[in-house]
Amino acid sequence: MSSTEPKPQRADAVRNRERIVDAARELFAECGQATQMDDVARRAQVGVGTVYRHFPTKIALQGELMAAKFRHHAEVARRWASEPDGWTAFEGFLRETFAAMATDASLRQRVTWSEDRDALALAEAERQALSVVVGEIIERAQAQGRMRPDFGTQDMPAFMCSAGAVITAQQATPIVLGDRFLELLIDALRVP
């Protein structure tokens, strides 16, 4: 191993990092921006110094949480990308993502805790990877005449944020018909 290559992390350091990320994901989903690094350390059952060793700032931790969210969505998109029919792939991606958002509050965060441009920048590579896969699915669905032609990946953030907001509201009050809203979102993109 050369002196320029990073040393692999010890197994306990890897476990601690995973515990920190899991705890932070839960806390940011519960408390949003009010989450403090001390809270994360307590929930992860590690020292505050351990949290800061892995994530020197709250922004770095938020960036990792957003990157993890984008990685999750990209994995789902890649699975659906193998579907030959573009519309079926896009609809399957949306339905699976919406179902995951309904059970994991961190996946439906409406970017309220990611207002900081630096945190967004830390997750940009993962966001771009997601955008490429979803863009290919969209282009295929449009080329097959199954999706409205004026929709693109630039519309996905607003699309997903609106879905996350409605899923959250549906869980808080019965007057919000979230499932119906999600059907309307999907149908709005389909070419009849």
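Reply: Happy to. One term before we start: buried means under 20% relative accessible area here. And keep in mind that this is a predicted model.

Me: Good. How many helices and strands does the protein chain have?
Reply: The secondary structure comes to nine helices and zero strands. Read along the sequence, the pattern is α-α-α-α-α-α-α-α-α.

Me: And what does the C-alpha trace span along its principal axes?
Reply: The span is about 55 × 50 × 25 Å.

Me: How much of the protein chain is buried?
Reply: Buried residues make up 39% of the 192 residues. On contacts, if you take those with a separation of 6 or more, residues 24 or more positions apart account for 67% of them.

Me: Let's go to the aromatics. How many aromatic pairs are there?
Reply: The count comes to three aromatic pairs. One of them joins phenylalanine 90 and phenylalanine 151, with ring centres 6.0 Å apart and planes at 70 degrees.

Me: Why is that pair called edge-to-face?
Reply: Because planes over 60 degrees apart count as edge-to-face, and the planes of phenylalanine 90 and phenylalanine 151 are at 70 degrees.

Me: Where do the two residues of that pair sit in the chain?
Reply: Phenylalanine 90 is in helix H5 (residues 86-103), while phenylalanine 151 is in the loop between helix H7 (124-143) and helix H8 (156-172). They are 61 residues apart, and the pair links distant parts of the chain.

Me: Are they buried or exposed?
Reply: Phenylalanine 90 and phenylalanine 151 are both buried. For phenylalanine 151 the relative accessibility is 9%, so it counts as buried.

Me: What else pairs with phenylalanine 151?
Reply: Phenylalanine 159 does, again edge-to-face, at 5.6 Å centre to centre with 65 degrees between the planes. Phenylalanine 159 is buried too, with a relative accessible area of 7%.

Me: Which residues form the aromatic cluster?
Reply: Trp87, Phe90, Phe151 and Phe159 form one cluster.

Me: Switching topic: how do H4 and H7 cross?
Reply: The axes of helix H4 (residues 58-81) and H7 come within 8 Å and cross at roughly 25 degrees. Angles under 35 degrees count as roughly parallel, so H4 and H7 are roughly parallel to each other. Their crossing is left-handed.

Me: Which residues make the contact?
Reply: From H4 they are Ala67, Phe70, Arg71, His73, Ala74, Ala77, Arg78 and Ala81. H7 brings in Glu126, Arg127, Ala129, Leu130, Val133, Val134, Ile137 and Arg140.

Me: And by class, what does the contact of H4 with H7 have?
Reply: It has 10 nonpolar, one polar and five charged residues.

Me: I also saw a proline in H8. Which one is it?
Reply: Proline 157 is found in helix H8. With a relative accessible area of 46%, proline 157 is partly exposed.

Me: Last one: what's the phi of glutamine 45?
Reply: Glutamine 45 has a positive phi of about 60 degrees, although it is not a glycine. Most residues other than glycine have a negative phi.

Me: Where does glutamine 45 lie?
Reply: In the loop between helix H2 (37-44) and helix H3 (48-54). Glutamine 45 counts as exposed, at 65% relative accessibility.

How values were computed: Residues numbered from 1 in each chain as written. Predicted model: local features only at pLDDT ≥ 70, side-chain atom pairs only at ≥ 80, totals over all residues. Heavy atoms only, no water. Helix = DSSP H or I, 4+ residues; strand = E, 2+ residues; numbered from the N terminus. Buried < 20%, exposed > 50% of the residue type's maximum accessible area, 1.4 Å probe, protein only. Phe/Tyr/Trp six-rings, centres within 6.5 Å; stacked < 30°, edge-to-face > 60°. Axes fitted to C-alpha atoms, helices over the stretch in contact; angles between N-to-C directions. Parallel < 35°, antiparallel > 145°, perpendicular 65-115°, else oblique. Left-handed = near helix turned anticlockwise from the far one by under 90°. Contact = heavy atoms within 4.5 Å. Nonpolar A, V, L, I, M, F, W, Y, C, P; charged D, E, K, R; others polar.
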